[in-house]
Amino acid sequence: MEPEVIRDKEAMRRWSRAMRSQGMTIGLVPTMGYLHEGHLSLVRQSLTLADVTVVSIYVNPGQFSPTEDLSTYPSDFSGDLVKLAAISGGKVFVFNPSNLYDYGGGERKKVNTGGGRVVSCVEEGGGLGHETWIRVERLEKGLCGKSRPVFFRGVATIVTKLFNIVEPDVAVFGKKDYQQWRIIQRMVRDLDFGIEIVGSDIAREKDGLAMSSRNVRLSDEERQRALSISRSLAMAKASVAKGQTSCVELKDIIIQQLVGSDGRVDYVEIVDQETLEGVEQIKSGVVVCVAAWFGTVRLIDNIEINITL
């Protein structure tokens with residue numbers, strides 16, 4: 001039996017409050033759809049943490065700049081419902097709004113993008129009056145924030161909107177988007193949301209490739225070359241286990257693997273797990289983060305290294 005689909009935000013809020021009035025706890029798994037096993041693992045984890053789970057399926061225009069791949073982001077809503085039905089047990093519900101930036105009754109007006117102002121697809125498309133954005137100012141600056149300047153502003157804002165609509169007790173995020181997970185954690189702490197944020201380990205294909213909705217856009221050859229990401233991360237971790245702690249040397253190992261596989265490197269960084277600040281020598285827990293292009297597809301991956309010297 002496919003999960004119930006709720007499309008209106010007021011109906012979603014009423015549903016959540018009705019569940020809570022019955023003593024139920026609510027989990028939330030935010031997604032942009034085109035679900036794969038990685039998403040489903042987040043749903044399963046949420047079901048162990050709460051009585052019922054809401055899976056939001058919403059491709060958020062606020063986190064895409066006009067030059068990014070919003071229009072080509074893959075979608076298969078009916079397939080998503082079938083996948084969720086297999087694990088639902090009557091405890092999974094889907095929130096699938098049409099436009100969370102459309103407030104009605106207004107005229108669409110594009111913002112002035114003069115002076116080099118960076119905007120998202122919400123502003124570029126003529127949003128109906130939306131002008132409030134959430135920023136986690138320091139954590140959003142590095143890593144993916146360097147090449148995607150509107151991304152984390154859009155993520156923090158849409159997650160805040162989902163928190164206010166769904167009113168969950170717990171929300172589960174995948175650690176593949178490590179910076180995103182840490183940003184949401186910090187936002188929840190700083191703004192006093194009464195929500196537990198759980199990070200779930202990266203789900204991988206059998207060959208090691210981190211699961212991603214964008215993987216479907218890789219050609220067979222590109223997909224094989226993209227395996228250099230997880231392979232290089234494993235090599236770096238193995239080198240640390242053998243005593244290598246120089247981040248320059250470790251990053252060189254990864255870059256050589258990526259470039260040798262015809263990947264175009266966006267970044268390779270080794271950062272503190274909490275602050276996401278770069279380190280030169282590994283002395284405590286770090287995360288090695290990679291973003292690289294294979295063909296027209298940008299992939300991210302990471303690996304945590306926990307050591308104490």
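Reader: Two strands pair if DSSP finds at least two bridges between them. How many bridges join β5 to β6?

Author: Five bridges join β5 to β6, and the two run parallel. Keep in mind that this is a predicted model, in which local features need pLDDT of at least 70 and side-chain atom pairs count only at pLDDT 80 or more, while totals for chains, interfaces and linings use all residues. Residues are numbered from 1 along each chain as its sequence is written, and side-chain values use heavy atoms, with hydrogens and water left out.

Reader: Which other strand is joined to β5?

Author: Strand β2 (residues 26-31) is joined to β5 by two bridges, again running parallel. There, G27 stands opposite V170.

Reader: Is β5 enclosed or open?

Author: Five of the five residues of β5 are buried, so β5 is largely enclosed by the rest of the structure. Buried means under 20% relative accessible area, exposed means over 50%, and partly exposed is in between (1.4 Å probe, protein chains only). V170, V172 and G174 point one way from the strand, and A171 and F173 the other way.

Reader: Back to S200. What does S200 touch?

Author: Leaving out residues up to four places away in sequence, S200 touches L42, Q45, V172, F173, G174 and K175. Contact here means heavy atoms within 4.5 Å. S200 is buried, at 7% relative accessible area.

Reader: K175 is in that list. What does its side chain meet in a salt bridge?

Author: The partner of K175 is E304, at 3.4 Å, N to O. K175 lies in the loop between β5 (170-174) and α7 (178-190), and E304 in strand β9 (residues 297-305), so the pair ties together parts that are 129 residues apart in sequence. K175 counts as buried at 13% relative accessibility.

Reader: What counts as a salt bridge, and how many does the structure hold?

Author: A side-chain nitrogen of Lys or Arg has to be within 4 Å of a carboxyl oxygen of Asp or Glu. The structure holds 21 of them. One is between E10 and R13, whose closest N and O atoms are 3.0 Å apart. Both residues lie in helix α1 (residues 9-21), three residues apart, about one turn of the helix. R13 counts as buried at 18%, whereas E10 is partly exposed at 40%.

Reader: New topic, α3. How far apart are its end C-alpha atoms?

Author: They are 16 Å apart, which agrees with the 16 Å that its 12 residues (77-88) should span at 1.5 Å a residue. The expected span is 1.5 Å times one less than the number of residues.

Reader: Which residues of α3 are buried, and what covers them?

Author: The buried ones are G79, D80, L81, L84, I87 and S88. Their cover includes β1 (5-6), α2 (37-49), β3 (52-57) and β4 (92-95). After α3 comes G89, with a positive phi near 60°.

Definitions and conventions. Helix = DSSP H or I, 4+ residues; strand = E, 2+ residues; numbered from the N terminus.
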